[in-house]
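My notebook is open and the viewer is running. Here is what I looked up, entry by entry.

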Amino acid sequence: YCMIKEARWVAQHFHTTPDSPCASFFEVLQRLENSQQAHLATHGEFNRADPIESHLSLNDGKKLYFPLWLTTTSPVTADLIVLSACESNLSGPDTAGLLTPIGIGPSLAAAGAKTVVGTLWPCEGLAATYFSYYFYQLAAAYPNKPWHHIVAEARQKVRKMHTNDVKTL
(Lines give C-alpha, C1' and ligand atoms only; values in the text may rest on other atoms or scores of the structure.)
Protein backbone atom coordinates (compact mmCIF):
# COMPACT_ATOMS: atom_id res chain seq x y z
CA TYR A 1 0.00 0.00 0.00
CA CYS A 2 2.77 2.45 0.90
CA MET A 3 4.64 1.88 -2.36
CA ILE A 4 1.48 2.53 -4.39
CA LYS A 5 0.81 5.79 -2.53
CA GLU A 6 4.46 6.80 -2.90
CA ALA A 7 4.36 6.03 -6.64
CA ARG A 8 1.30 8.26 -7.01
CA TRP A 9 2.98 11.18 -5.22
CA VAL A 10 6.11 10.84 -7.30
CA ALA A 11 4.15 10.57 -10.54
CA GLN A 12 2.19 13.69 -9.57
CA HIS A 13 5.47 15.54 -9.02
CA PHE A 14 6.70 14.51 -12.49
CA HIS A 15 3.29 15.18 -14.12
CA THR A 16 2.98 11.60 -15.32
CA THR A 17 1.37 8.33 -14.25
CA PRO A 18 3.08 5.57 -12.29
CA ASP A 19 4.35 2.62 -14.26
CA SER A 20 2.51 -0.60 -13.66
CA PRO A 21 3.82 -2.64 -10.77
CA CYS A 22 5.86 -5.75 -11.44
CA ALA A 23 7.85 -4.48 -14.42
CA SER A 24 10.08 -6.96 -16.25
CA PHE A 25 13.89 -6.81 -16.27
CA PHE A 26 13.77 -5.43 -19.79
CA GLU A 27 11.30 -2.69 -18.91
CA VAL A 28 13.44 -1.57 -15.97
CA LEU A 29 16.61 -1.56 -18.07
CA GLN A 30 14.89 0.32 -20.90
CA ARG A 31 13.56 2.96 -18.50
CA LEU A 32 16.89 3.38 -16.74
CA GLU A 33 18.60 3.83 -20.10
CA ASN A 34 16.06 6.28 -21.50
CA SER A 35 14.81 8.27 -18.51
CA GLN A 36 16.15 11.54 -17.21
CA GLN A 37 14.81 10.77 -13.74
CA ALA A 38 13.63 7.51 -12.20
CA HIS A 39 12.11 6.58 -8.87
CA LEU A 40 12.00 2.92 -7.87
CA ALA A 41 9.69 2.18 -4.93
CA THR A 42 10.39 -1.45 -4.14
CA HIS A 43 12.06 -3.79 -1.70
CA GLY A 44 15.85 -3.96 -1.83
CA GLU A 45 18.30 -6.41 -0.34
CA PHE A 46 22.02 -6.01 0.04
CA ASN A 47 23.77 -9.37 0.43
CA ARG A 48 26.87 -8.68 2.55
CA ALA A 49 28.35 -12.13 1.99
CA ASP A 50 27.99 -11.91 -1.79
CA PRO A 51 27.22 -8.32 -2.90
CA ILE A 52 26.79 -9.33 -6.54
CA GLU A 53 23.65 -11.19 -5.37
CA SER A 54 22.12 -7.91 -4.11
CA HIS A 55 18.87 -7.02 -5.81
CA LEU A 56 15.72 -4.92 -6.06
CA SER A 57 12.46 -6.83 -5.94
CA LEU A 58 10.19 -6.44 -8.96
CA ASN A 59 7.63 -8.94 -7.64
CA ASP A 60 8.17 -10.68 -4.29
CA GLY A 61 5.28 -13.10 -4.83
CA LYS A 62 6.82 -14.43 -8.05
CA LYS A 63 10.39 -14.09 -6.73
CA LEU A 64 11.21 -11.76 -9.63
CA TYR A 65 14.31 -9.77 -8.71
CA PHE A 66 16.40 -7.17 -10.52
CA PRO A 67 19.94 -8.35 -9.67
CA LEU A 68 22.81 -5.96 -9.10
CA TRP A 69 24.89 -7.38 -11.97
CA LEU A 70 22.13 -6.48 -14.45
CA THR A 71 23.04 -2.78 -14.12
CA THR A 72 26.21 -3.52 -16.09
CA THR A 73 24.32 -4.67 -19.19
CA SER A 74 23.29 -1.27 -20.52
CA PRO A 75 24.16 2.37 -19.84
CA VAL A 76 22.14 4.36 -17.32
CA THR A 77 21.65 7.93 -18.51
CA ALA A 78 19.43 9.31 -15.73
CA ASP A 79 20.38 12.55 -14.01
CA LEU A 80 18.62 11.32 -10.86
CA ILE A 81 17.60 7.89 -9.61
CA VAL A 82 15.81 7.62 -6.29
CA LEU A 83 15.87 4.13 -4.79
CA SER A 84 13.11 3.90 -2.24
CA ALA A 85 14.36 0.51 -1.15
CA CYS A 86 16.11 -0.87 1.92
CA GLU A 87 19.90 -0.97 1.94
CA SER A 88 20.02 0.38 -1.61
CA ASN A 89 23.20 2.42 -1.16
CA LEU A 90 25.35 0.13 0.99
CA SER A 91 28.99 -0.05 0.01
CA GLY A 92 32.36 0.74 1.58
CA PRO A 93 33.11 -1.23 4.77
CA ASP A 94 30.32 -3.68 3.92
CA THR A 95 32.21 -4.64 0.77
CA ALA A 96 35.68 -5.06 2.31
CA GLY A 97 38.03 -6.96 0.05
CA LEU A 98 35.96 -6.38 -3.05
CA LEU A 99 36.45 -4.02 -5.92
CA THR A 100 34.17 -1.04 -5.34
CA PRO A 101 31.77 0.48 -6.21
CA ILE A 102 29.54 -2.37 -5.22
CA GLY A 103 25.97 -2.20 -4.03
CA ILE A 104 22.76 -1.29 -5.81
CA GLY A 105 23.12 2.51 -5.77
CA PRO A 106 26.86 2.60 -6.43
CA SER A 107 26.52 0.17 -9.35
CA LEU A 108 23.88 2.43 -10.94
CA ALA A 109 26.24 5.38 -10.51
CA ALA A 110 29.03 3.34 -12.10
CA ALA A 111 26.69 2.56 -15.02
CA GLY A 112 26.25 6.30 -15.66
CA ALA A 113 23.59 7.73 -13.35
CA LYS A 114 24.67 11.21 -12.27
CA THR A 115 22.96 11.11 -8.85
CA VAL A 116 21.58 8.15 -6.91
CA VAL A 117 19.61 8.67 -3.70
CA GLY A 118 19.10 5.59 -1.55
CA THR A 119 19.27 4.29 2.00
CA LEU A 120 21.93 2.58 4.07
CA TRP A 121 19.45 0.84 6.37
CA PRO A 122 16.18 -1.07 6.29
CA CYS A 123 13.43 1.50 5.74
CA GLU A 124 9.81 0.88 6.66
CA GLY A 125 7.24 1.63 3.96
CA LEU A 126 5.69 4.58 5.79
CA ALA A 127 9.04 6.24 6.47
CA ALA A 128 10.05 5.81 2.81
CA THR A 129 6.75 7.27 1.67
CA TYR A 130 7.05 10.31 3.96
CA PHE A 131 10.67 10.85 2.94
CA SER A 132 9.72 10.77 -0.76
CA TYR A 133 6.88 13.20 -0.17
CA TYR A 134 9.16 15.78 1.49
CA PHE A 135 12.02 15.10 -0.92
CA TYR A 136 9.93 16.01 -3.96
CA GLN A 137 8.22 18.93 -2.21
CA LEU A 138 11.65 20.42 -1.45
CA ALA A 139 12.97 19.63 -4.94
CA ALA A 140 10.05 21.50 -6.48
CA ALA A 141 10.38 24.46 -4.12
CA TYR A 142 14.18 24.76 -4.53
CA PRO A 143 15.12 23.50 -8.02
CA ASN A 144 18.70 24.80 -7.80
CA LYS A 145 19.48 23.31 -4.39
CA PRO A 146 22.00 20.43 -4.45
CA TRP A 147 20.48 16.96 -4.05
CA HIS A 148 22.40 16.18 -0.88
CA HIS A 149 20.90 19.29 0.78
CA ILE A 150 17.41 18.23 -0.29
CA VAL A 151 18.03 14.75 1.14
CA ALA A 152 19.23 16.17 4.46
CA GLU A 153 16.26 18.55 4.74
CA ALA A 154 13.73 15.86 3.81
CA ARG A 155 15.22 13.56 6.43
CA GLN A 156 14.90 16.31 9.06
CA LYS A 157 11.26 16.93 8.10
CA VAL A 158 10.46 13.23 8.56
CA ARG A 159 12.17 13.23 11.96
CA LYS A 160 10.15 16.28 13.07
CA MET A 161 6.77 14.92 11.96
CA HIS A 162 3.91 15.01 14.48
CA THR A 163 0.86 12.80 14.67
CA ASN A 164 -1.23 15.37 12.79
CA ASP A 165 1.30 15.42 9.94
CA VAL A 166 1.11 11.64 9.67
CA LYS A 167 -2.70 11.70 9.60
CA THR A 168 -2.73 14.46 6.98
CA LEU A 169 -0.34 12.65 4.66
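First, a term: I call two strands paired if DSSP finds at least two bridges between them. Helices (H or I, at least four residues) and strands (E, at least two) are DSSP runs, numbered from the N terminus. Before going on, I noted that this is a predicted model, where local features need pLDDT of at least 70 and side-chain atom pairs count only at pLDDT 80 or more, while totals for chains, interfaces and linings use all residues. Residues are numbered from 1 along each chain as its sequence is written, and side-chain values use heavy atoms, with hydrogens and water left out.

**Entry 1: the overview**

I got six helices and six strands for the chain. Reading from the N terminus, I wrote the order down as α-α-β-β-β-β-β-α-β-α-α-α. Of the 169 residues, 40% count as buried; buried means under 20% relative accessible area, exposed over 50%, and partly exposed in between, with a 1.4 Å probe and protein chains only.

Which strands make up the open sheet, and in what order? I found three, in the order 2-3-4, with antiparallel pairing. Strand 2 (44-45) and strand 4 (64-67) sit at the edges with a single partner strand each, so one side of each has no neighbour in the sheet.

Next I went through the partners. Strand 2 and strand 3 (residues 55-59) are joined by two bridges. Gly-44 faces Leu-56 in strand 3, and Glu-45 faces His-55 there. Between strand 3 and strand 4 I noted four bridges, with Asn-59 partnered by Leu-64 of strand 4. Those two strands make a hairpin with four residues between them, and Lys-63 in the turn has a positive phi of about 55°.

Is strand 3 enclosed or open? Five of its five residues are buried, so the rest of the structure largely encloses strand 3.

**Entry 2: a helix across the sheet**

I then looked at helix 2 (residues 25-34), which lies across strand 3 and strand 4 and runs at about 35° to strand 4. For that angle, axes are lines fitted to C-alpha atoms, for helices over the stretch in contact, and angles run from 0 to 180 degrees between N-to-C directions. Contact means heavy atoms within 4.5 Å.

Phe-66 was worth a click: leaving out residues up to four places away in sequence, its contacts include Phe-25, Val-28, Leu-29, Leu-32 and Leu-56.

**Entry 3: the cores**

A nonpolar core is a set of buried Ala, Val, Leu, Ile, Met, Phe, Trp, Tyr and Cys residues joined through side-chain atoms within 4.5 Å. The largest one has 19 residues, and Leu-32, Leu-56 and Phe-66 are among those with the most contacts inside it. Helix 2, strand 1 (37-41), strand 3, strand 5 (80-84) and helix 3 (104-110) each give two or more residues to this core. Helix 2 provides the largest share, three residues. Apart from this core lies another, of 16 residues, including Val-82 and Phe-135.

**Entry 4: one serine**

Last, I checked Ser-132 in helix 4 (residues 125-141). Ser-132 counts as buried because its relative accessibility is 4%. Neighbours within four places aside, Ser-132 touches Glu-6, His-39 and Ser-84.
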